[in-house]
Amino acid sequence: MKKTATISNKIKTIGLLFVILMSSVIATTIYLNAKNEKDALIINIAGKQRMLTQKISKNVFYLYHNNQHSFSELDNATQEFIYNLNSLKDGNHLIKIEPAPTTAISNQISKVEILWFNFYENIKDIKKLLQNRNEKNEKTLKILVDTVYATNINLLNEVDKIVSLYTTYSERKTTFINYFQYLFALIIILLIIYSYFQLKSMEENAKKFLELSKNIKEGKLNEPIDLIHFEAEKEIVEATDTLNCFINKINAAMAYSDNASKKLEDLTNEFDEILDELSESRDLSNQLYKSEDMVIESQENLLNFTHKLEELKKELNSLSKNCNKSE
């Protein structure tokens with residue numbers, strides 16, 4: 001009989017697989033939510049850069065046409081743009097932003113940096129001219145303002161590309177993680193099906209063993225009793241081996257009893273033959289001697305038979321004690 005895994009090991013394995021898969025699903029979900037939050041923050045920062053470029057240009061036009069010298073709003077917008085651009089490029093530990101995740105995003109940020117450097121230099125020149133505004137520098141000031149207007153569109157378009165790249169990257173990552181979640185869900189379904197068949201198999205094996213045990217107890221089996229042979233879990237196999245050992249003892253006792261009965265029948269037949277010979281024989285003395293020998297031999301056979309019956313009684317007593325212990 002082939003010994004397979006134990007019932008406890010099967011249940012522990014199934015339970016462990018469920019724990020691992022559920023933990024993986026939970027961990028993946030938590031990771032996905034955390035990444036979505038960070039990606040949303042990064043996309044928001046990148047999107048804010050577009051607004052800042054427009055805000056800077058708007059302030060430049062306002063200061064130019066209204067002859068104002070308060071640059072606080074302009075300075076705040078430019079510093080925020082620089083801070084956000086550095087956060088996107090190199091990461092930011094304070095707000096837990098990682099550096100540019102792909103080469104394409106990193107290259108695009110570098111391209112925006114180049115455009116911003118020229119754009120920012122023009123703004124600083126405009127600020128200097130506005131602080132000392134006169135007829136001599138008015139022409140230069142107008143050229144710089146027009147340059148800011150023209151370059152603002154290019155800068156805005158390149159910042160839009162950063163937003164698009166980050167959005168695409170986030171969507172791809174989310175899709176990839178979703179595929180893992182679908183895979184885990186499929187594995188869980190397959191594990192549920194596998195668990196169902198395994199538990200059903202264990203139940204059928206247990207029922208089969210109990211049915212065979214019941215038939216043996218009620219004496220519904222043929223003589224000699226056939227040994228039990230079927231594949232099952234280790235615990236059932238060990239119990240079946242013990243039951244087979246008990247069946248072997250019962251079969252041995254039954255065979256021993258049949259052999260003793262046959263011996264007794266043979267002795268009876270020998271006595272009948274002796275009596276027949278005595279009744280038909282003319283030479284009575286010869287027959288008496290022969291009868292004497294037969295009687296002696298019969299007595300020896302009876303002694304042997306008596307000894308075998310005593311051994312049979314011991315064997316049956318042993319079987320009875322084993323049955324009581326099993327119950």
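How many aromatic pairs does the count come to by the rule used here?

Modeller: The count comes to five aromatic pairs, where Phe, Tyr and Trp rings (for Trp, the six-membered ring) pair if their centres lie within 6.5 Å, and planes under 30 degrees apart are stacked, over 60 edge-to-face and the rest tilted. The model is predicted, so local features need pLDDT of at least 70 and side-chain atom pairs pLDDT 80 or more, while totals for chains, interfaces and linings use all residues. Residues are numbered from 1 along each chain as its sequence is written, and side-chain values use heavy atoms, without hydrogens or water.

One of these pairs is formed by Phe61 and Tyr149, which is tilted because the planes stand at 50°, with the ring centres 5.8 Å apart. This pair joins distant parts of the chain, since Phe61 lies in helix α1 and Tyr149 in helix α4, 88 residues apart; helices are DSSP runs of H or I with at least four residues, numbered from the N terminus. Phe61 counts as partly exposed because its relative accessibility is 23% (buried is under 20%, exposed over 50%, partly exposed in between, with a 1.4 Å probe and protein chains only). The rings of Tyr196 and Phe197 form an edge-to-face pair, because their planes are at 75°, and their centres are 5.4 Å apart.

Ring pairs also link Phe81, Trp116, Phe119 and Tyr120 into a cluster. Two members of this cluster, Phe81 and Trp116, are named again in the largest nonpolar core: of its 34 residues, Phe81, Trp116 and Ile126 touch the most other members. Such a core is a set of buried Ala, Val, Leu, Ile, Met, Phe, Trp, Tyr and Cys residues joined through side-chain atoms within 4.5 Å. Two or more core residues come from each of α1 (7–66), α2 (72–90), α3 (103–131) and α4 (135–218), and α3 gives the most, with 10 residues.

Around Phe81, leaving aside residues up to four places away in sequence, the contacts (heavy atoms within 4.5 Å) are Gln49, Leu52, Thr53, Val112, Trp116, Leu155 and Val159.

Lys96 is found in the loop between α2 and α3, and has a positive phi of about 60° although it is not a glycine. Lys96 counts as exposed because its relative accessibility is 59%.
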